[in-house]
Amino acid sequence: MPFKPVEHPKCPKCKKSVYAAEEKVAAGQKWHKMCFKCGMCNKLLDSTNAAEHEGEVFCKVCHARKFGPKGYGFGGGAGCLSMDTGAHLGLTDQPAGQE
């Protein structure tokens with residue numbers, strides 16, 4: 001019987017093997033500690049500030065900014081209104097699910 005090495009799970013960010021001593025488990029996957037970063041701002045994440053959306057992880061601030069409610073009433077009065085379309089966040093003018 002030939003020797004067969006143990007299969008280790010792959011990190012979704014760098015696609016390399018993740019060993020038990022360096023793993024972080026989130027979004028149903030195992031990550032390296034240094035690969036477990038926000039998809040927008042690259043802030044290092046932990047279990048208290050991580051939010052997952054369609055297999056990608058974000059800090060809670062960026063997740064709320066990108067996927068949270070939009071429009072008047074969610075942030076204040078006229079001082080919070082802007083003509084920002086969200087292009088710097090990778091958003092389009094299409095409603096969610098219409099992509």
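What share of the 99 residues of the chain counts as buried? Of these residues, 20% count as buried, where buried means under 20% relative accessible area, exposed means over 50% and partly exposed lies in between, with a 1.4 Å probe and protein chains only. This is a predicted model, in which local features need pLDDT of at least 70 and side-chain atom pairs count only at pLDDT 80 or more, while totals for chains, interfaces and linings use all residues. Residues are numbered from 1 along each chain as its sequence is written, and side-chain values use heavy atoms, with hydrogens and water left out.

**Overall layout**

- The chain holds 1 helix and 4 strands, arranged along the sequence as β-β-β-β-α; helices (H or I, at least four residues) and strands (E, at least two) are DSSP runs, numbered from the N terminus.
- Among contacts (heavy atoms within 4.5 Å) between residues at least 6 apart in sequence, 11% join residues at least 24 apart.

**The β3–β4 hairpin**

- Strand β3 (residues 50–53) and strand β4 (residues 56–59) run antiparallel and are joined by 4 bridges, two strands being paired if DSSP finds at least two bridges between them.
- The hairpin formed by β3 and β4 has 2 residues between the strands, and Glu54 in the turn has a positive phi of about 50 degrees.
- Across the two strands, His53 stands opposite Glu56, and Ala51 stands opposite Phe58.

**The nonpolar core**

- The largest nonpolar core has 12 residues, among them Cys11, Val18, Trp31, Phe36, Leu45 and Phe58; such a core is a set of buried Ala, Val, Leu, Ile, Met, Phe, Trp, Tyr and Cys residues joined through side-chain atoms within 4.5 Å.
- Strand β4 gives the most to this core, with 3 residues.
- Leaving aside neighbours within four places in sequence, Trp31 is in contact with residues including Pro12, Lys13, Glu22, Glu23, Lys24 and Val57.

**Aromatic pairs**

- The count comes to 2 aromatic pairs, where rings of Phe, Tyr and Trp (its six-membered ring) pair if their centres lie within 6.5 Å, and planes under 30 degrees apart count as stacked, over 60 as edge-to-face and the rest as tilted.
- Trp31 and Phe36 form a tilted pair, 5.7 Å centre to centre with 55 degrees between the planes, and both residues are buried.
- The rings of Phe58 and Phe67 have their centres 5.5 Å apart and their planes at 65 degrees, so this pair is edge-to-face.
- Phe58 counts as buried because its relative accessibility is 1%, whereas Phe67, at 33%, counts as partly exposed.
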